[in-house]
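Biologist: I have a structure open and would like to go through it with you. Can we take it piece by piece?

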Amino acid sequence: MTTATTFQEFADALSHAYPRLSPQQRVIAQHVLEHPEDFALGTAATVAEAAGVQPSALVRFANAMNFSGFSDLQRLFRHRLLEQAGTYRERISAMRSPRTVREGRPALLKTSVEQAVADLHQLEHSVNDAALRQAAGILCAARRVHVLAQRRAFPVAAYLAYALGQLELCVQLLDGVGGMLGESLRQIERGEVLLVTSFKNYSPDVVAAATAAKAHGVQVIALTDHPLSPLKPAATVCLLIGSGAPTEVRSLVAPMCLAQALVVGTGRCLVEPKNGRRRSR
């Protein structure tokens, strides 16, 4: 295994190595990816306590990822934090300051807005333009696009199906009405695309559909939340919004923003002269 030199390389390597890690190392993997700032700033003792493991387990985890030890791996996380200095962490810290209180209760709208803004800042650093352009190019070239999500992620899928349809792409929303999801999935052919969205706790049906589509040679685009998402191994392109901090109600602001960016990118791809697919409305 080649030693990762960037956080993104580390996240990708960890996603591939995850099935081979011990149960304890998987716990550590989940923790460091969900709390990268804490890992960058903490000591081996504090990180281990937060993850619920012994400090020696962090060393073994780092070794398993081809680093010499905890400090060697931590340098990679600190470098990521320095690149974002003055932006992501400081803005989130500022937003977590005491909120406006009226009549003894936190201002509900203010709380929701602050969390949404924090999620958007995380999204800004989680998705790179190259991956977004690649996904748009795949959608642009597809004979038909099948869109699938369930539970909390379903509104994102509904929007994607509507907006891509407005671009005059052939789009089918797989809503599973009448228990017909399996039948709809069996109709997907090579040259078509499955666009899936799912977040913790991941929908088993969506994960199974993405895995089966990949096995049949169908390209899969996944919008999900974590480098260790079960959708990532099946995805031709995986767009990560970031898991974010635990909240009472998980916001859909960042997923919808990412969906909008994907639609805009697909629209631009459709009208590029080199594609020869400019459409009149």
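Biologist: Which residues is Val53 in contact with, leaving aside its neighbours within four places in sequence?
Modeller: In this predicted model, Val53 is in contact with Gln24, Ile28, Ala48 and Leu58.

Biologist: And where is Val53 found?
Modeller: Val53 is in the loop between helix 4 and helix 5, the latter being residues 55–64.

Biologist: Is Val53 buried or exposed?
Modeller: Buried. Its relative accessible area is 10%, and the cut-off for buried is under 20%.

Biologist: How far apart are Val53 and Gln25?
Modeller: In sequence, Val53 and Gln25 are 28 residues apart. In space they are 9.3 Å apart, C-alpha to C-alpha.

Biologist: Which residues of helix 2 are buried?
Modeller: Gln25, Ile28, Ala29, His31, Val32 and Leu33 are the buried ones in helix 2. Helix 2 itself covers residues 23–34. From first C-alpha to last, helix 2 reaches 17 Å, close to the 16 Å expected for its 12 residues.

Biologist: Back to helix 4. Which of its residues are buried?
Modeller: Helix 4 spans residues 44–51, and its buried residues are Val47, Ala48 and Ala51.

Biologist: Why do those count as being on the same side of helix 4?
Modeller: Because they cover an arc of only 100 degrees around the axis. In general, an α-helix has 3.6 residues a turn, so residues three or four places apart point the same way.

Biologist: What is on the other side of helix 4?
Modeller: Glu49 and Ala50, and both are exposed there. Just after helix 4 comes Gly52, with a positive phi of about 80 degrees.

Biologist: Change of topic. What is the strand order in the open sheet of 5 strands?
Modeller: The order is 4-3-5-6-7, and the pairing is parallel.

Biologist: Which strands are at the edges?
Modeller: Strand 4, residues 171–174, and strand 7, residues 237–240; each pairs on one side only. On average, neighbouring strands in this sheet are turned by 15 degrees against each other, direction ignored.

Biologist: How many bridges are there between strand 5 and strand 6?
Modeller: There are 5 bridges between strand 5, residues 193–197, and strand 6, residues 219–224. Val196 stands opposite Ala222 of strand 6.

Biologist: Which helix lies across strand 3, strand 5, strand 6 and strand 7?
Modeller: Helix 9, residues 129–141. Helix 9 runs at about 130 degrees to strand 7.

Biologist: Now Thr224. Where is that?
Modeller: Thr224 is in strand 6. Thr224 is buried, because its relative accessible area is 0%.

Biologist: Which side chain does the Thr224 side chain join in a polar contact?
Modeller: That of Ser229, at 2.9 Å. Leaving aside neighbours within four places in sequence, Thr224 is in contact with several residues, including Tyr202, Leu231, Cys238 and Leu240.

Biologist: Last topic, the whole protein. How many helices and strands are there?
Modeller: There are 13 helices and 7 strands. Of the 281 residues, 43% count as buried.

Biologist: What share of contacts join residues at least 24 apart?
Modeller: 71%, taken among contacts between residues at least 6 apart in sequence.

Conventions: Residues numbered from 1 in each chain as written. Predicted model: local features only at pLDDT ≥ 70, side-chain atom pairs only at ≥ 80, totals over all residues. Heavy atoms only, no water. Pairing = 2+ DSSP bridges. Helix = DSSP H or I, 4+ residues; strand = E, 2+ residues; numbered from the N terminus. Axes fitted to C-alpha atoms, helices over the stretch in contact; angles between N-to-C directions. Contact = heavy atoms within 4.5 Å. Buried < 20%, exposed > 50% of the residue type's maximum accessible area, 1.4 Å probe, protein only. Polar contact = N/O pair within 3.5 Å; in protein donor to acceptor, adjacent residues only side chain to side chain. Expected span 1.5 Å × (residues − 1). Arc of directions from axis to C-beta.
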